[in-house]
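Hello,

Here is the structure we talked about handing over. My notes on it follow below.

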Amino acid sequence: MKNLFPNLGVGVGIRPEFTTLFLDGHPKSVQWGEVISENFMDWSNGFKIRTTQRLEKMRAQLPIAMHGVSMNLGSADQLDMTYLARLKELADRIEPAVISDHLCWTGVDGKNLHDLFPVPFTRRNLNFLTEKILKIQDFLGRRILIENVSSYFEYDFSEMSEWEFLKELLQKADCGILLDVNNVYVSSVNHNFNPYEFLLTIPKERIGQIHLAGHSKLDGYLIDTHDEDVCSDVWQLYQWTVKNLGFYSTMIERDDNIPEWNILEKEILKIHDIQTGALHGRSQDLAATI
């Protein structure tokens, strides 16, 4: 079946440290960029206006993906239509390649807890989330991507696995997935499941984007911190994904301890190497350090 989303190539999360680089003409190793939606949604002051104007300038040079952290899909709260109206206004202005957010809840009763909490995988919640996503897509006038999150606890009353839940949700809500391979790996270690079973269950045609990132270890758990290089196990999982599921828009996500561009670009070039190797049937030595 044909993929529902275009393959943009290799991208990167555009953080403030790299804004000037992308304003002056993006590096040849990068075909698209991703920004955090909320950073550009408040135009009530001069700083935000200038920031959005910079985003428009970058958008004129390369495709931009808008990635949100506040849609609060999994909360019992009703949809925040004020938030969605601001998101749509930005999307209409920027015309992004894709809009995404996380399959999680971030707060209740209008209070943002500033974390990404997993949802329970129940039939009732499946129907609840389907209705929410369909309303969001109808309002925005486009399909969105939902991202699988890293998790550090599970609900005793869940009725199915995360990957079974995702498969049904993607089909019922007619949306796509932002497949975070690092999050798959982190959760597989924390909850002792097979990450390849997770990946094999996801409908290939609904994969719209892939995230790669680094993580840290704390008190016996892997934590999705985005402040380290991508580890060899995640590279291996990504190589398997490319070989067995196909090529998808893929990017490096780095939010803290951000290195100089020439250091980060080595990871971007590694994505190119893996894709080229898969295309020509060659394996890569993923155990080698960058």
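**Salt bridges, a pocket and a buried Asp**

Arg143 and Asp174 form a salt bridge, with the closest N and O atoms 3.2 Å apart. The pair links distant parts of the chain, 31 residues apart. Arg143 lies in the loop between helix H4 (123-140) and strand E7 (145-147). Asp174 lies in the loop between helix H5 (162-172) and strand E8 (176-180). Arg143 is partly exposed, at 33% relative accessible area. Asp174 is partly exposed too, at 30%. Shared partners join Arg143, Asp174 and Arg206 into one salt-bridge network.

Please keep in mind that this is a predicted model.

The whole structure holds eight salt bridges. One of them pairs Asp255 with Arg15, at 2.6 Å between the closest N and O atoms. These two are 240 residues apart. Arg15 counts as buried because its relative accessibility is 7%. Asp255, at 37%, counts as partly exposed. Arg254 meets Asp229 in another salt bridge, at 3.1 Å, N to O.

Now the charge without a partner. Asp77 sits in the loop between strand E3 (64-67) and helix H3 (81-94). Asp77 is buried but has no salt bridge. The nearest side chain of opposite charge, Lys132, is 7.3 Å away. Beyond its sequence neighbours within four places, Asp77 has contacts that include Asn72, Asp109, Phe128 and Lys132.

Last, the largest pocket. Its space is about 490 Å³. The lining has 20 residues, with Val69, His102, Asp115, Leu116 and His226 nearest the centre. Strand E6 (residues 111-117) gives the largest share, four residues. By type, the lining has five nonpolar, ten polar and five charged residues.

Best wishes

How values were computed
Residues are numbered from 1 along each chain as its sequence is written. This is a predicted model: local features need pLDDT of at least 70, side-chain atom pairs count only at pLDDT 80 or more; totals for chains, interfaces and linings use all residues. Side-chain values use heavy atoms; hydrogens and water are left out. Buried means under 20% relative accessible area, exposed over 50%, partly exposed in between (1.4 Å probe, protein chains only). Lys and Arg count as positive and Asp and Glu as negative; His and the chain ends are not counted. A salt bridge is a side-chain nitrogen of Lys or Arg within 4 Å of a carboxyl oxygen of Asp or Glu. Contact means heavy atoms within 4.5 Å. On a 1 Å grid over the protein atoms alone, a cavity is a set of points where a 1.4 Å probe fits but cannot get out, and a pocket is an open set with protein on both sides within 12 Å along at least five of seven lines; lining residues have an atom within 4 Å of a point. Grid points are joined across faces, edges and corners, and a volume is the space filled by probe spheres set on the points. Ala, Val, Leu, Ile, Met, Phe, Trp, Tyr, Cys and Pro count as nonpolar, Asp, Glu, Lys and Arg as charged, and the others, Gly among them, as polar.
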